[in-house]
Amino acid sequence: MSAMASLLFHLLCCLTVFWLLPLPSHSADPDPLQDFCVANLSASISVNGFPCKPASEVTSDDFFFDGFTQEGNTTNAFASFLTPGNVLSFPGLNTLGISMNRVDFAPGGINPPHSHPRASEAGVVIEGKLLVGFVTTNNVYYSKVLTAGHMFAIPRGLVHFQLNVGDGKALAYTAFNSHLPGAAIVPLNLFASSIPNEVLTKTFQVDAELINTIKSKFRP
């Protein structure tokens, strides 16, 4: 019996180790193992990130980004424009686990309901008045109207939005704990994709005519 008990104990220990090993992967991005790893965006192979550009080819410009200096063009259906500062536009962020966006809003503009599957979000309003809100997995809604200098936080993966409720334009900067947080934009995922009408009519309990009308708003 003692041998059997010892075997069961070691088996339990092994199972515990195998269960704990994946836990670090639940953090936003893996910690870097070198000073920097400027992304080689043209590499043909990547595993959960981008390979490093050879250190001999790295320059000062790889660590600076001027993409936020220009106001975004808000003449679109949502009357807003998002300028990303992630690894795709700023390769120096590769493996650092951080990124930012600039979000410009025309009067009445909205950054529509969306979620970030790989990151939590923090933001600050620079100009204007924004209604910022998110919904939990229990369908609890949290929101507040923010003005310049106010900061907000959005937990990872939760659906959220920002709406310009002021009289003029608005500007916000958002930050993420991932170099590529991703964005699942709810209206585009549903009505600009190839999801069959049958799925949408059953989901929203409406007829196909209404679904087609909504889809027509999101066609190029």
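This is a predicted model: local features need pLDDT of at least 70, side-chain atom pairs count only at pLDDT 80 or more; totals for chains, interfaces and linings use all residues.
His160 has a relative accessibility of 1%, and because buried means under 20%, His160 counts as buried.

Leaving aside residues up to four places away in sequence, His160 touches Pro112, Pro113, His114, Ser115, His116, Glu121, Gly133, Phe134 and Ile154. With one of these residues, His116, there is also a polar contact: the side chains of His160 and His116 meet at 3.4 Å.

**The annotated site**

The UniProt record, an unreviewed entry, lists His114, His116, Glu121 and His160 under "binding site". These residues are spread over 47 residues of sequence, yet they cluster in space, with a largest C-alpha distance of 11.9 Å. From this set, His114, His116 and Glu121 belong to the lining of the largest cavity.

Another member of the set, His114, is found in strand β3, residues 110-115. With a relative accessible area of 5%, His114 is buried, because the limit for that class is under 20%. The side chain of His114 reaches the backbone oxygen of Pro112 at a distance of 2.6 Å. Not counting residues up to four places away in sequence, His114 touches Leu158, Val159, His160, Ala184, Ile185 and Val186.

**Two loop residues with positive phi**

Most residues other than glycine have a negative phi. Asn139 is not a glycine, but its phi is positive, at about 65°. Asn139 lies in the loop between β5 (129-135) and β6 (141-147). Gln205 also has a positive phi, near 55°, and is a residue other than glycine. Gln205 lies in the loop between α3 (197-204) and α4 (208-216).

The cut-off used in both cases is over 50%.

| Residue | Relative accessibility | Class |
|---|---|---|
| His114 | 5% | buried |
| His160 | 1% | buried |

Key:
Residues are numbered from 1 along each chain as its sequence is written. Side-chain values use heavy atoms; hydrogens and water are left out. Helices (H or I, at least four residues) and strands (E, at least two) are DSSP runs, numbered from the N terminus. UniProt positions are given in the numbering used here, feature names are shortened, and annotations may be inferred rather than shown by experiment. On a 1 Å grid over the protein atoms alone, a cavity is a set of points where a 1.4 Å probe fits but cannot get out, and a pocket is an open set with protein on both sides within 12 Å along at least five of seven lines; lining residues have an atom within 4 Å of a point. Buried means under 20% relative accessible area, exposed over 50%, partly exposed in between (1.4 Å probe, protein chains only). Contact means heavy atoms within 4.5 Å. A polar contact is a pair of N or O atoms within 3.5 Å; within protein, one must be able to donate a hydrogen and the other to accept it, and residues adjacent in sequence count only if both atoms are side-chain atoms.
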